[in-house]
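User: Could you take a close look at one part of this model for me, the charged network and what surrounds it? I would enjoy a connected walk-through.

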Amino acid sequence: MPAPFSIEVPTALEYFATLVADDASLSLTEAAVAIAQDEFPQLDTQSVLAELDTLADRLKRRIPADAAPVQKLRFLNRYFFHELGFAGNLNDYYASGNSYVHEVLRTRHGIPISLAVIYLELAGQLGLVARGVAFPGHFLVKVRMPKGEVVIDPFTGQSLSRDELDERLVPYKRRQGLQGEFDMPLGLFLQPASPREVLARMLRNLKEIHRSAEDWPRLLAVQQRLVLLLPREWDERRDRGLAQAELGVWDAAADDLDAYVAHSPQAEDRRAIAERAAELRAQGRPRLH
């Protein structure tokens, strides 16, 4: 008798791994939606994508076929910020739900980067060339127009002039010592962020929330994704090891810390991390009786 036919369903982490395995096929929107599956295991990413398609289709039906890019952008901004009411969550900025695309779709409130992901998806479906910008301290969106680029704050819907962008950079430049003879042109801060960079920033926002709360299981879940997303960023491997250590997963923690030490010869904390790995190895060994 033949064996019954069965399909193995990938875990949420395996699914995320397939989404981010290759830059050429990486879908920012789908991978961003999938981040929430740690907190919402039953989340159907395809239904969220379908909801976004419905929002885009509703807008596309209103726009004349021969509309110029500037007209499309006006339609999009009116629809996104005014009709749909997407805006920054000023009342609870640091809530983890602000980083989950499906929750932002539900509440219409989020942080700049999650709002940007939704905005970029709708813009792309209209045929606009829009990219995220990892601006210091506040994620932005820029849209290419025939006569230049429009930079938009997805938190407020405001289009930002060069003077306003320069003004926003002043505190950052002051902290980094980038003023005077070390001043850097604005254009360097407006480079487009790759999908991988956008996802990393989203995950690091969650990482900071969970680390501040000392929520080690949630922090570890985020670190698992960061290691998959950025396999050569050894700081993320170190931080996964430290989260595992907090949860008593000593051997796996030591493996991550050893990998960090091996690949980070110039790191200032290399010796301390090597000592911590050795301690964890000793804790993980069975005691002799």
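**From the sheet to the salt-bridge network**

Analyst: Let's begin with the sheet and work towards the charges. Strand 4 (residues 140-145) and strand 5 (residues 148-152) pair in the antiparallel sense over 5 bridges; two strands count as paired if DSSP finds at least two bridges between them. Helices (H or I, at least four residues) and strands (E, at least two) are DSSP runs, numbered from the N terminus. Please keep in mind that this is a predicted model: local features need pLDDT of at least 70, side-chain atom pairs count only at pLDDT 80 or more, and totals for chains, interfaces and linings use all residues. Residues are numbered from 1 along each chain as its sequence is written, and side-chain values use heavy atoms, with hydrogens and water left out.

The pair belongs to an open sheet of 4 strands in the order 3-4-5-6, with antiparallel pairing. Strand 3 (129-133) and strand 6 (159-160) are the edges, each with a single partner strand, so one side of each has no neighbour in the sheet. Within strand 5, Val 150 is the bridge partner of Val 143.

Val 143 also leads us into the nonpolar core. A nonpolar core is a set of buried Ala, Val, Leu, Ile, Met, Phe, Trp, Tyr and Cys residues joined through side-chain atoms within 4.5 Å; buried means under 20% relative accessible area, exposed over 50%, and partly exposed in between (1.4 Å probe, protein chains only). The largest core has 62 residues, of which Leu 76, Tyr 119, Val 143 and Leu 199 touch the most other members. Helix 6 (residues 112-125) supplies the largest share of this core, 9 residues. Apart from it lies another core, of 11 residues, including Ala 245 and Ile 273. Leaving out residues up to four places away in sequence, Leu 199 is in contact (heavy atoms within 4.5 Å) with Val 20, Leu 26, Leu 28, Ala 31, Ala 32, Ile 35 and Leu 229.

Now to the charges. A salt bridge is a side-chain nitrogen of Lys or Arg within 4 Å of a carboxyl oxygen of Asp or Glu, and the count comes to 21 by this rule. One network of salt bridges links Arg 204, Lys 207, Glu 208, Arg 211, Glu 233, Glu 236, Arg 238, Asp 239 and Asp 269.

Within it, Glu 208 and Arg 211 form a salt bridge with their closest N and O atoms 3.4 Å apart. These two are 3 residues apart in helix 8 (residues 195-212), which means about one helical turn separates them. Glu 208 is partly exposed at 41% relative accessible area, and Arg 211 is partly exposed at 37%.

Glu 233 sits in the loop between helix 9 (216-229) and helix 10 (234-246). Its side chain makes a polar contact of 3.0 Å with that of Arg 204; such a contact is a pair of N or O atoms within 3.5 Å, where within protein one must be able to donate a hydrogen and the other to accept it, and residues adjacent in sequence count only if both atoms are side-chain atoms. Glu 233 is partly exposed, with 38% relative accessibility.

Arg 238 and Asp 239 form another salt bridge, with the closest N and O atoms 2.9 Å apart. Both Arg 238 and Asp 239 are buried.
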